[in-house]
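Here is a friendly briefing to read with the sequence and the 3D view side by side. Take it one topic at a time and find each residue as you go.

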Amino acid sequence: MVKMKLAVLLATALLASCVDAQNTVEANIKKALEPHLGGAKIESVKETPYGGLYEVRVAGDILYTDKKGEFLVIGQVYDVKSSRNLTRERIDDINKIKFSDLPLEMALKQVKGNGKRVIAVFEDPNCGYCKRLRQTTLAEIDNVTIYTFMYNILSQDSFTKSKNIWCAPNRNKAWDDWMINGKVPPAAPAACESPNDKVLALGQKLRITGTPAIFFSDGTRIPGAIDLKSLEAKFDSLEAKPAK
């Protein structure tokens with residue numbers, strides 16, 4: 001019994017020592033790197049199982065450094081044997097959202113075909129890449145429900161256009177008229193209110209720094225425009241995942 005108690009005490013002390021050491025390394029890395037990150041704060045530091053590197057999370061992105069924070073590595077880490085992009089996998093994981101938490105009532109809703117597959121897209125009405133996505137991939141895709149959040153980050157005119165579209169008698173038509181055909185939406189009635197400010201706050205909370213940004217039912221995202229083949233491949237990968 002005495003030996004068992006001693007073993008437990010030693011294990012506890014060892015664990016506490018490891019935690020203290022990790023906390024010290026994290027503090028040292030933050031102290032060394034944060035002055036060089038342009039005001040950005042380090043969210044977490046985690047030792048990786050490869051190359052003696054430490055993963056540093058900053059604003060939803062990942063950087064790498066050494067134990068003392070003397071060197072900074074900006075780039076992707078690949079597993080050569082499996083050809084997996086380990087950095088991309090980690091970024092996707094830490095930036096996952098809970099799709100069911102999205103306030104879909106603040107989005108335009110378009111159902112195509114059976115609508116079984118679901119995506120949420122954040123788009124600025126003055127974003128050229130968003131227009132291209134809307135004119136090609138999203139025009140061609142079928143059997144999907146598209147929730148569009150008008151995320152105004154490019155100019156004040158974006159807020160005006162989004163409000164006019166939101167307040168139009170047929171929002172989806174007004175959106176497509178503008179994004180696909182370049183038809184400017186009519187001015188909104190003075191009394192009409194839009195969710196513009198709330199969507200902007202939501203996008204900032206989700207760390208959306210550019211448009212378009214596409215979210216999928218499993219919480220993963222694809223930043224930027226995507227072609228039809230790649231979007232279908234993404235949907236196929238979601239269907240292939242085992243149910244949890």
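Pro-212 is found in the loop between helix 7 (196-205) and strand 10. A cis peptide bond joins this proline to Thr-211, with omega at about 0 degrees. Keep in mind that this is a predicted model.

- Most peptide bonds are trans, and most residues other than glycine have a negative phi.
- Ser-83 has a positive phi of about 60 degrees although it is not a glycine.
- You can look for Ser-83 in the loop between strand 5 (78-79) and strand 6 (84-85).
- Because its relative accessible area is 58%, Ser-83 is exposed.
- Asn-143 also has a positive phi, near 55 degrees, in a residue other than glycine.
- Asn-143 lies in the loop between helix 4 and strand 9, and with a relative accessible area of 29% this residue is partly exposed.

**Aromatic rings**

- A pair of aromatic rings is described by two things: the distance of the centres and the angle of the planes.
- How many aromatic pairs does a search of the whole structure find? There are 4.
- In one of them, the ring centres of Phe-122 and Phe-149 are 4.7 Å apart and the planes are at 10 degrees, so this pair is stacked.
- Phe-122 lies in strand 8 and Phe-149 in strand 9, so the pair ties together parts that are 27 residues apart in sequence.
- Both Phe-122 and Phe-149 are buried.
- Phe-122 also forms an edge-to-face pair with Phe-215, at 5.6 Å centre to centre and with 70 degrees between the planes.
- Since Phe-215 lies in strand 10 and Phe-122 in strand 8, this pair ties together parts that are 93 residues apart in sequence.
- Phe-215 is buried, and so is Phe-122.
- Ring pairs link Phe-122, Phe-149, Phe-215 and Tyr-151 into a cluster.

**Charges over rings**

- The charged end of Arg-171 sits over the ring of Trp-166, 3.7 Å from the ring's centre.
- The charged end of Lys-234 sits over the ring of Phe-216, at 5.2 Å from the centre of that ring.

**Helix 8**

- Helix 8 (residues 228-240) has 13 residues, which at 1.5 Å a residue should span 18 Å; its end C-alpha atoms are 18 Å apart, so the two values agree.
- Which residues of helix 8 are buried? They are Leu-231, Lys-234, Phe-235 and Leu-238.
- The buried residues of helix 8 pack against strand 8 (117-123), helix 4 (137-140), strand 9 (144-150), strand 10 (213-216) and strand 11 (221-223).

- Ala-40 has its place in the loop between helix 1 (2-33) and strand 1 (42-47).
- Is Ala-40 buried, exposed or partly exposed? Ala-40 counts as partly exposed because its relative accessibility is 25%.
- Leaving aside its neighbours within four places in sequence, Ala-40 is in contact with Val-58 and Glu-34.
- Ala-40 and Val-58 are 18 residues apart in sequence, and their C-alpha atoms are 7.0 Å apart in space.

How values were computed: Residues numbered from 1 in each chain as written. Predicted model: local features only at pLDDT ≥ 70, side-chain atom pairs only at ≥ 80, totals over all residues. Heavy atoms only, no water. Helix = DSSP H or I, 4+ residues; strand = E, 2+ residues; numbered from the N terminus. Buried < 20%, exposed > 50% of the residue type's maximum accessible area, 1.4 Å probe, protein only. Contact = heavy atoms within 4.5 Å. Expected span 1.5 Å × (residues − 1). Phe/Tyr/Trp six-rings, centres within 6.5 Å; stacked < 30°, edge-to-face > 60°. Lys NZ or Arg CZ within 6 Å of the ring centre and 35° of its normal.
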